[in-house]
Amino acid sequence: MAVVTPRIFVSHLSGIAVFDPNGDQVGRLRDLVALLRVGDRPPRLLGLVVEVISRRRIFVPMTRVTGVESGQIVTTGVVNMRRFEQRASETLVFGELLDRRVRLVETGEEVTVLDIGITQLPARRDWEIDKVFVRRGKGGALRRKGETLTVEWSAVTGFSLEEHGQGAENLLATFEQLRPADLAGVLHHLTPKRRAEVAAALDDDRLADVMEELPEDDQVEIIGKLKDERAADVLEAMDPDDAADLLSELPEDEKERLLTLMRPEEAADVRRLMSYEERTAGGLMTTEPIVLRPDATVADALARVRDPDLSPALAAQVYVCRPPDETPTGKYLGLVHFQRLLRDPPFTLVSFIVDTDLPALPPDTPLPEVTSYLAAYNMVAAPVVDEGGALLGAVTVDDVLDHLLPDDWREAGLHGRTATGDDAVEPHGKTADGP
(Lines give C-alpha, C1' and ligand atoms only; values in the text may rest on other atoms or scores of the structure.)
Protein backbone atom coordinates (compact mmCIF):
# COMPACT_ATOMS: atom_id res chain seq x y z
CA MET A 1 0.00 0.00 0.00
CA ALA A 2 1.43 3.37 -1.01
CA VAL A 3 2.29 5.81 1.73
CA VAL A 4 0.37 9.07 1.38
CA THR A 5 2.28 12.15 2.51
CA PRO A 6 0.51 15.42 3.34
CA ARG A 7 0.85 18.38 1.01
CA ILE A 8 1.25 21.92 2.29
CA PHE A 9 0.79 25.12 0.33
CA VAL A 10 3.44 27.65 1.20
CA SER A 11 1.03 30.58 1.65
CA HIS A 12 -0.02 28.88 4.91
CA LEU A 13 3.56 28.87 6.18
CA SER A 14 4.42 32.56 5.86
CA GLY A 15 5.49 34.01 9.20
CA ILE A 16 4.77 30.91 11.29
CA ALA A 17 6.94 30.17 14.31
CA VAL A 18 9.93 27.82 14.12
CA PHE A 19 10.81 25.87 17.30
CA ASP A 20 13.77 23.82 18.46
CA PRO A 21 13.36 20.34 20.03
CA ASN A 22 13.02 21.89 23.52
CA GLY A 23 10.03 23.95 22.47
CA ASP A 24 11.93 27.25 22.44
CA GLN A 25 11.11 29.54 19.52
CA VAL A 26 14.02 29.99 17.13
CA GLY A 27 12.30 32.63 14.98
CA ARG A 28 9.74 32.96 12.19
CA LEU A 29 9.72 31.58 8.67
CA ARG A 30 10.37 34.24 6.03
CA ASP A 31 11.04 32.11 2.93
CA LEU A 32 11.95 28.68 1.59
CA VAL A 33 15.03 27.88 -0.47
CA ALA A 34 14.60 25.59 -3.48
CA LEU A 35 16.94 24.06 -6.03
CA LEU A 36 15.46 24.00 -9.53
CA ARG A 37 16.44 20.85 -11.46
CA VAL A 38 16.79 20.09 -15.14
CA GLY A 39 13.92 18.65 -17.13
CA ASP A 40 10.57 18.24 -15.43
CA ARG A 41 11.99 16.93 -12.14
CA PRO A 42 10.31 18.69 -9.19
CA PRO A 43 12.55 21.20 -7.36
CA ARG A 44 14.08 20.05 -4.13
CA LEU A 45 13.61 22.17 -1.01
CA LEU A 46 17.00 22.85 0.55
CA GLY A 47 15.84 24.62 3.67
CA LEU A 48 14.12 27.49 5.43
CA VAL A 49 15.04 31.14 5.78
CA VAL A 50 14.25 31.94 9.41
CA GLU A 51 14.30 35.40 10.95
CA VAL A 52 15.54 35.25 14.54
CA ILE A 53 14.88 37.79 17.28
CA SER A 54 17.70 40.11 16.20
CA ARG A 55 16.19 40.27 12.66
CA ARG A 56 19.17 38.27 11.39
CA ARG A 57 18.13 35.75 8.74
CA ILE A 58 19.59 32.30 9.10
CA PHE A 59 19.35 29.08 7.12
CA VAL A 60 17.82 25.89 8.55
CA PRO A 61 18.29 22.79 6.32
CA MET A 62 15.16 20.78 5.52
CA THR A 63 16.94 17.73 6.93
CA ARG A 64 16.59 19.45 10.33
CA VAL A 65 12.82 19.82 9.99
CA THR A 66 10.94 17.15 11.94
CA GLY A 67 7.42 18.51 11.72
CA VAL A 68 5.30 21.05 9.89
CA GLU A 69 1.89 21.10 11.50
CA SER A 70 -0.56 23.07 13.66
CA GLY A 71 0.80 26.39 12.49
CA GLN A 72 4.38 25.72 13.54
CA ILE A 73 7.61 24.16 12.35
CA VAL A 74 9.71 21.97 14.63
CA THR A 75 13.42 21.43 14.00
CA THR A 76 16.08 19.21 15.46
CA GLY A 77 19.77 19.71 16.15
CA VAL A 78 21.72 22.86 16.90
CA VAL A 79 20.91 25.98 14.90
CA ASN A 80 23.67 27.69 12.94
CA MET A 81 23.41 31.47 13.49
CA ARG A 82 25.49 32.39 10.44
CA ARG A 83 23.66 34.94 8.28
CA PHE A 84 21.86 33.44 5.27
CA GLU A 85 23.28 34.39 1.88
CA GLN A 86 21.50 33.18 -1.23
CA ARG A 87 23.64 31.30 -3.74
CA ALA A 88 23.37 31.66 -7.50
CA SER A 89 21.87 28.19 -7.91
CA GLU A 90 19.18 28.75 -5.28
CA THR A 91 15.66 30.13 -5.71
CA LEU A 92 13.51 31.76 -3.02
CA VAL A 93 9.97 30.36 -3.15
CA PHE A 94 8.14 33.42 -1.80
CA GLY A 95 10.47 35.99 -3.26
CA GLU A 96 10.92 34.60 -6.77
CA LEU A 97 8.26 32.01 -7.63
CA LEU A 98 5.00 33.61 -6.49
CA ASP A 99 3.39 35.92 -9.06
CA ARG A 100 5.60 34.51 -11.82
CA ARG A 101 3.98 34.06 -15.22
CA VAL A 102 4.58 30.59 -16.64
CA ARG A 103 2.98 28.45 -19.34
CA LEU A 104 0.98 25.23 -19.28
CA VAL A 105 2.96 22.58 -21.16
CA GLU A 106 -0.12 21.01 -22.75
CA THR A 107 -1.69 24.17 -24.23
CA GLY A 108 1.04 26.83 -24.07
CA GLU A 109 -1.41 29.09 -22.22
CA GLU A 110 0.12 31.74 -19.94
CA VAL A 111 -0.86 31.48 -16.27
CA THR A 112 0.13 33.27 -13.05
CA VAL A 113 1.51 31.40 -10.02
CA LEU A 114 -0.61 32.05 -6.92
CA ASP A 115 0.74 29.37 -4.58
CA ILE A 116 3.20 26.48 -4.40
CA GLY A 117 2.52 23.03 -2.94
CA ILE A 118 5.29 21.14 -1.15
CA THR A 119 5.40 17.57 0.11
CA GLN A 120 7.76 15.36 2.09
CA LEU A 121 9.10 12.32 0.33
CA PRO A 122 8.10 9.00 1.93
CA ALA A 123 10.47 7.55 4.52
CA ARG A 124 12.90 10.50 4.07
CA ARG A 125 13.41 14.01 5.37
CA ASP A 126 13.68 15.42 1.87
CA TRP A 127 10.98 17.79 0.66
CA GLU A 128 10.14 18.86 -2.87
CA ILE A 129 7.75 21.12 -4.76
CA ASP A 130 5.13 18.99 -6.47
CA LYS A 131 2.13 21.23 -7.17
CA VAL A 132 1.54 24.71 -8.55
CA PHE A 133 -1.67 26.67 -7.96
CA VAL A 134 -2.21 29.00 -10.93
CA ARG A 135 -4.70 31.45 -12.41
CA ARG A 136 -5.54 31.58 -16.08
CA GLY A 137 -5.57 34.91 -17.89
CA LYS A 138 -3.12 37.72 -18.50
CA GLY A 139 -1.62 39.86 -15.76
CA GLY A 140 -3.14 43.18 -14.76
CA ALA A 141 -6.13 44.57 -12.94
CA LEU A 142 -8.56 41.94 -14.32
CA ARG A 143 -6.40 38.96 -13.47
CA ARG A 144 -8.43 37.99 -10.38
CA LYS A 145 -11.41 37.04 -12.58
CA GLY A 146 -9.56 34.15 -14.22
CA GLU A 147 -10.11 30.46 -13.53
CA THR A 148 -7.79 28.86 -10.98
CA LEU A 149 -6.45 25.33 -11.01
CA THR A 150 -3.81 23.16 -9.33
CA VAL A 151 -1.39 21.33 -11.61
CA GLU A 152 1.70 19.17 -11.29
CA TRP A 153 5.06 20.93 -11.37
CA SER A 154 5.85 19.11 -14.61
CA ALA A 155 2.70 20.56 -16.20
CA VAL A 156 4.13 24.09 -16.31
CA THR A 157 7.25 25.57 -17.83
CA GLY A 158 9.11 28.88 -17.59
CA PHE A 159 10.32 28.97 -13.97
CA SER A 160 13.96 29.01 -14.97
CA LEU A 161 13.60 31.95 -17.37
CA GLU A 162 14.35 35.52 -16.32
CA GLU A 163 11.09 37.45 -16.21
CA HIS A 164 10.55 41.16 -16.64
CA GLY A 165 7.57 42.88 -15.05
CA GLN A 166 6.77 40.09 -12.58
CA GLY A 167 3.86 41.06 -10.32
CA ALA A 168 3.92 41.07 -6.53
CA GLU A 169 0.31 40.76 -5.36
CA ASN A 170 0.54 37.18 -4.09
CA LEU A 171 3.94 37.69 -2.48
CA LEU A 172 2.51 40.68 -0.61
CA ALA A 173 -0.56 38.68 0.37
CA THR A 174 1.64 36.18 2.18
CA PHE A 175 3.13 39.04 4.24
CA GLU A 176 0.00 41.15 4.61
CA GLN A 177 0.04 41.11 8.41
CA LEU A 178 3.73 41.99 8.77
CA ARG A 179 4.77 45.13 10.58
CA PRO A 180 6.57 47.68 8.39
CA ALA A 181 9.95 46.79 9.92
CA ASP A 182 9.43 43.10 9.13
CA LEU A 183 8.22 43.80 5.59
CA ALA A 184 11.29 46.00 5.16
CA GLY A 185 13.37 42.93 6.05
CA VAL A 186 11.60 41.00 3.29
CA LEU A 187 12.33 43.71 0.74
CA HIS A 188 15.95 44.05 1.78
CA HIS A 189 16.61 40.37 1.10
CA LEU A 190 15.00 40.35 -2.36
CA THR A 191 16.91 40.95 -5.58
CA PRO A 192 16.90 44.59 -6.81
CA LYS A 193 14.54 43.61 -9.63
CA ARG A 194 12.08 41.92 -7.28
CA ARG A 195 12.42 44.71 -4.71
CA ALA A 196 11.37 47.28 -7.32
CA GLU A 197 8.36 45.15 -8.34
CA VAL A 198 7.18 44.78 -4.75
CA ALA A 199 7.65 48.50 -4.08
CA ALA A 200 5.58 49.28 -7.18
CA ALA A 201 2.75 47.05 -5.89
CA LEU A 202 2.55 48.67 -2.44
CA ASP A 203 0.26 51.66 -1.91
CA ASP A 204 1.93 54.97 -1.05
CA ASP A 205 1.27 54.88 2.71
CA ARG A 206 2.43 51.28 3.13
CA LEU A 207 5.52 51.89 1.02
CA ALA A 208 6.31 55.05 3.01
CA ASP A 209 6.10 53.11 6.30
CA VAL A 210 8.37 50.39 4.92
CA MET A 211 10.86 52.87 3.44
CA GLU A 212 11.36 54.41 6.87
CA GLU A 213 12.59 51.02 8.12
CA LEU A 214 14.98 50.26 5.25
CA PRO A 215 18.72 50.96 5.11
CA GLU A 216 19.59 54.17 3.25
CA ASP A 217 21.02 52.31 0.24
CA ASP A 218 17.73 50.47 -0.28
CA GLN A 219 15.74 53.69 0.13
CA VAL A 220 17.81 55.47 -2.50
CA GLU A 221 17.55 52.50 -4.88
CA ILE A 222 13.75 52.26 -4.56
CA ILE A 223 13.03 55.99 -4.79
CA GLY A 224 15.27 56.15 -7.87
CA LYS A 225 13.16 53.52 -9.65
CA LEU A 226 9.82 55.21 -8.99
CA LYS A 227 8.38 57.74 -11.39
CA ASP A 228 8.99 61.26 -10.12
CA GLU A 229 5.33 61.96 -9.34
CA ARG A 230 4.96 58.79 -7.30
CA ALA A 231 8.30 59.32 -5.58
CA ALA A 232 7.04 62.74 -4.45
CA ASP A 233 3.80 61.17 -3.17
CA VAL A 234 5.74 58.58 -1.15
CA LEU A 235 8.01 61.27 0.30
CA GLU A 236 4.92 63.22 1.38
CA ALA A 237 3.57 60.11 3.11
CA MET A 238 6.81 59.57 5.02
CA ASP A 239 7.53 61.32 8.30
CA PRO A 240 9.15 64.66 7.39
CA ASP A 241 12.38 63.84 9.22
CA ASP A 242 12.72 60.50 7.40
CA ALA A 243 11.93 62.16 4.07
CA ALA A 244 14.58 64.80 4.78
CA ASP A 245 17.16 62.12 5.60
CA LEU A 246 16.40 60.30 2.34
CA LEU A 247 16.49 63.42 0.19
CA SER A 248 19.83 64.41 1.69
CA GLU A 249 21.29 61.22 0.17
CA LEU A 250 20.20 62.13 -3.37
CA PRO A 251 22.06 64.25 -5.93
CA GLU A 252 21.21 67.95 -5.70
CA ASP A 253 19.28 68.14 -8.98
CA GLU A 254 17.18 65.07 -8.16
CA LYS A 255 16.49 66.36 -4.66
CA GLU A 256 15.26 69.73 -5.96
CA ARG A 257 13.14 68.08 -8.62
CA LEU A 258 11.30 65.94 -6.06
CA LEU A 259 10.87 68.81 -3.62
CA THR A 260 9.30 70.88 -6.39
CA LEU A 261 6.80 68.08 -7.09
CA MET A 262 5.78 67.77 -3.43
CA ARG A 263 2.94 69.84 -1.98
CA PRO A 264 4.35 73.22 -0.93
CA GLU A 265 3.50 72.79 2.76
CA GLU A 266 5.08 69.32 2.88
CA ALA A 267 8.16 70.49 1.00
CA ALA A 268 8.52 73.48 3.35
CA ASP A 269 8.71 71.18 6.39
CA VAL A 270 11.31 68.98 4.72
CA ARG A 271 13.41 71.96 3.58
CA ARG A 272 13.34 73.34 7.12
CA LEU A 273 14.58 70.05 8.55
CA MET A 274 17.34 69.86 5.95
CA SER A 275 18.59 73.30 7.02
CA TYR A 276 19.74 71.92 10.40
CA GLU A 277 22.83 69.87 11.08
CA GLU A 278 22.04 66.15 10.95
CA ARG A 279 23.08 65.21 14.49
CA THR A 280 21.26 68.04 16.27
CA ALA A 281 17.79 68.35 17.77
CA GLY A 282 16.66 70.29 14.70
CA GLY A 283 18.01 67.66 12.33
CA LEU A 284 16.49 64.80 14.33
CA MET A 285 13.05 66.23 15.08
CA THR A 286 9.73 65.59 13.39
CA THR A 287 7.65 68.63 12.51
CA GLU A 288 4.33 66.86 13.20
CA PRO A 289 3.86 66.49 16.97
CA ILE A 290 0.42 66.83 18.57
CA VAL A 291 -0.15 70.56 19.04
CA LEU A 292 -3.15 71.91 21.02
CA ARG A 293 -4.31 75.39 21.93
CA PRO A 294 -4.68 76.33 25.63
CA ASP A 295 -8.50 76.16 25.41
CA ALA A 296 -8.47 72.53 24.23
CA THR A 297 -9.83 69.95 26.66
CA VAL A 298 -8.50 66.64 27.89
CA ALA A 299 -11.11 64.98 25.67
CA ASP A 300 -9.68 66.83 22.67
CA ALA A 301 -6.18 65.71 23.59
CA LEU A 302 -7.17 62.06 24.02
CA ALA A 303 -8.95 62.11 20.67
CA ARG A 304 -5.72 63.26 19.02
CA VAL A 305 -3.65 60.68 20.90
CA ARG A 306 -5.92 57.88 19.63
CA ASP A 307 -4.80 58.48 16.04
CA PRO A 308 -3.56 55.03 14.88
CA ASP A 309 -1.06 56.62 12.50
CA LEU A 310 0.89 58.17 15.38
CA SER A 311 3.97 56.41 16.69
CA PRO A 312 3.86 55.51 20.41
CA ALA A 313 6.55 58.10 21.10
CA LEU A 314 4.59 60.94 19.47
CA ALA A 315 1.38 59.82 21.20
CA ALA A 316 3.04 59.93 24.62
CA GLN A 317 2.43 63.66 25.10
CA VAL A 318 0.79 66.74 23.61
CA TYR A 319 2.30 70.21 23.25
CA VAL A 320 0.30 73.29 24.25
CA CYS A 321 0.97 76.39 22.15
CA ARG A 322 -0.57 79.68 21.11
CA PRO A 323 -1.86 79.84 17.52
CA PRO A 324 -0.90 78.98 14.83
CA ASP A 325 -1.24 75.25 15.53
CA GLU A 326 1.17 74.08 12.82
CA THR A 327 4.90 74.16 13.43
CA PRO A 328 6.49 76.60 13.81
CA THR A 329 3.70 77.51 16.23
CA GLY A 330 2.93 80.52 18.31
CA LYS A 331 4.44 80.73 21.81
CA TYR A 332 5.16 77.31 23.30
CA LEU A 333 3.52 77.00 26.77
CA GLY A 334 4.44 73.47 27.85
CA LEU A 335 3.39 69.85 27.46
CA VAL A 336 0.98 67.37 28.96
CA HIS A 337 1.92 63.71 29.41
CA PHE A 338 -0.50 60.99 28.32
CA GLN A 339 -0.68 59.63 31.88
CA ARG A 340 -1.81 63.01 33.17
CA LEU A 341 -4.53 63.10 30.52
CA LEU A 342 -5.86 59.81 31.89
CA ARG A 343 -6.05 61.17 35.44
CA ASP A 344 -8.14 64.29 34.76
CA PRO A 345 -11.82 64.72 33.78
CA PRO A 346 -12.47 64.99 30.02
CA PHE A 347 -13.75 68.60 30.34
CA THR A 348 -10.51 69.86 31.96
CA LEU A 349 -8.65 72.45 29.91
CA VAL A 350 -5.11 71.39 29.01
CA SER A 351 -3.90 74.84 30.05
CA PHE A 352 -4.79 73.90 33.66
CA ILE A 353 -2.60 70.81 33.72
CA VAL A 354 0.26 71.78 31.40
CA ASP A 355 3.81 71.06 32.61
CA THR A 356 5.71 74.33 32.32
CA ASP A 357 8.77 73.28 34.31
CA LEU A 358 10.34 70.92 31.79
CA PRO A 359 12.88 72.81 29.66
CA ALA A 360 12.73 72.69 25.87
CA LEU A 361 15.63 71.99 23.52
CA PRO A 362 17.09 74.56 21.14
CA PRO A 363 17.33 73.25 17.55
CA ASP A 364 21.16 73.30 17.62
CA THR A 365 21.36 70.96 20.65
CA PRO A 366 23.91 68.23 19.75
CA LEU A 367 22.92 64.56 19.79
CA PRO A 368 24.73 63.64 23.06
CA GLU A 369 22.83 66.37 24.92
CA VAL A 370 19.54 65.23 23.39
CA THR A 371 20.26 61.71 24.60
CA SER A 372 21.13 62.94 28.09
CA TYR A 373 17.94 65.02 28.18
CA LEU A 374 15.70 62.04 27.39
CA ALA A 375 17.51 59.88 29.94
CA ALA A 376 17.54 62.52 32.69
CA TYR A 377 13.82 63.29 32.46
CA ASN A 378 12.66 59.75 31.57
CA MET A 379 11.11 61.02 28.32
CA VAL A 380 10.38 59.33 25.01
CA ALA A 381 10.05 62.67 23.19
CA ALA A 382 11.27 66.22 23.74
CA PRO A 383 10.05 69.63 22.46
CA VAL A 384 12.32 71.67 20.20
CA VAL A 385 11.78 75.42 20.52
CA ASP A 386 13.45 78.34 18.71
CA GLU A 387 14.77 81.60 20.19
CA GLY A 388 11.40 83.28 19.75
CA GLY A 389 9.63 80.62 21.82
CA ALA A 390 7.88 78.86 18.90
CA LEU A 391 7.62 75.07 18.87
CA LEU A 392 9.52 73.73 15.86
CA GLY A 393 8.91 70.03 16.42
CA ALA A 394 9.71 67.12 18.71
CA VAL A 395 12.62 64.70 18.95
CA THR A 396 11.52 61.12 19.61
CA VAL A 397 13.58 58.36 21.15
CA ASP A 398 13.37 56.17 18.02
CA ASP A 399 15.03 58.88 15.93
CA VAL A 400 17.74 59.27 18.55
CA LEU A 401 18.38 55.52 18.53
CA ASP A 402 18.65 55.57 14.73
CA HIS A 403 21.67 57.85 15.07
CA LEU A 404 23.22 56.13 18.09
CA LEU A 405 23.22 52.61 16.67
CA PRO A 406 25.80 51.50 14.06
CA ASP A 407 25.07 52.62 10.51
CA ASP A 408 24.29 49.04 9.44
CA TRP A 409 22.12 48.14 12.43
CA ARG A 410 19.10 47.45 10.21
CA GLU A 411 21.10 44.85 8.32
CA ALA A 412 23.30 43.38 11.02
CA GLY A 413 22.20 41.15 13.87
CA LEU A 414 22.36 43.15 17.09
CA HIS A 415 22.49 40.33 19.60
CA GLY A 416 25.66 38.68 18.34
CA ARG A 417 26.12 34.96 17.79
CA THR A 418 24.89 32.36 20.19
CA ALA A 419 27.14 30.12 22.19
CA THR A 420 26.54 27.35 19.66
CA GLY A 421 29.01 29.04 17.30
CA ASP A 422 29.07 29.31 13.55
CA ASP A 423 30.09 25.74 12.82
CA ALA A 424 27.37 23.94 14.74
CA VAL A 425 25.81 22.64 11.53
CA GLU A 426 26.80 22.38 7.92
CA PRO A 427 26.66 25.47 5.67
CA HIS A 428 23.28 26.06 4.04
CA GLY A 429 22.34 24.20 0.92
CA LYS A 430 24.43 21.14 1.86
CA THR A 431 23.41 18.02 3.70
CA ALA A 432 25.10 14.79 4.60
CA ASP A 433 24.17 13.30 1.25
CA GLY A 434 25.09 16.35 -0.85
CA PRO A 435 22.99 19.14 -2.42
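In this predicted model, three strands form an open sheet in the order S14-S15-S16, and their pairing is mixed. The edge strands are S14, which covers residues 291-292, and S16, and each of these pairs on one side only. Strands of a sheet pair through backbone hydrogen bonds, and they may do so in parallel or antiparallel fashion.

- Strands S14 and S15 run parallel to each other and are joined by 2 bridges, and leucine 292 stands opposite valine 320, a residue of S15.
- The loop between strand S15 (317-321) and strand S16 (332-337) is the place of proline 324, and the peptide bond that joins proline 323 to proline 324 is cis, with an omega of about 5°.
- Proline 328 also lies in the loop between S15 and S16, and a cis peptide bond, with omega about -10°, joins threonine 327 to this proline 328.

**Aromatic pairs**

- A search of the whole structure finds 3 aromatic pairs, and one of them is the stacked pair of phenylalanine 59 and phenylalanine 84, whose rings are 6.1 Å apart centre to centre, with 15° between the planes.
- This pair links distant parts of the chain, since phenylalanine 59 belongs to strand S5 (residues 57-61), whereas phenylalanine 84 is in the loop between strand S7 (72-75) and strand S8 (91-92), and the two residues are 25 apart.
- Phenylalanine 59 counts as buried because its relative accessibility is 6%, under the cut-off of 20%, and phenylalanine 84 is likewise buried, with a relative accessible area of 9%.
- Another stacked pair consists of tryptophan 153 and phenylalanine 159, with 4.3 Å from centre to centre and 15° between the planes.
- Tryptophan 153 has a relative accessibility of 8% and therefore counts as buried, and phenylalanine 159, with a relative accessible area of 7%, is buried as well.

- Is aspartate 99 buried or exposed? With a relative accessible area of 0%, aspartate 99 is buried.
- Asparagine 378, again a residue other than glycine, has a positive phi near 55°, and asparagine 378 is found in the loop between helix H15 (367-376) and strand S17 (381-385).
- Asparagine 378 counts as exposed because its relative accessibility is 70%, over the cut-off of 50%.

**Isoleucine 116 and its surroundings**

- Isoleucine 116 has its place in strand S10 (residues 110-120), and isoleucine 116 is buried, with a relative accessible area of 0%.
- Leaving aside neighbours within four places in sequence, isoleucine 116 is in contact with Ile8, Phe9, Val10, Val93, Leu97, Leu98, Ile129, Lys131 and Val132.
- Isoleucine 116 and phenylalanine 133 are 17 residues apart along the chain, and their C-alpha atoms are separated by 6.0 Å.

Key
Residues numbered from 1 in each chain as written. Predicted model: local features only at pLDDT ≥ 70, side-chain atom pairs only at ≥ 80, totals over all residues. Heavy atoms only, no water. Phe/Tyr/Trp six-rings, centres within 6.5 Å; stacked < 30°, edge-to-face > 60°. Helix = DSSP H or I, 4+ residues; strand = E, 2+ residues; numbered from the N terminus. Buried < 20%, exposed > 50% of the residue type's maximum accessible area, 1.4 Å probe, protein only. Pairing = 2+ DSSP bridges. Contact = heavy atoms within 4.5 Å.
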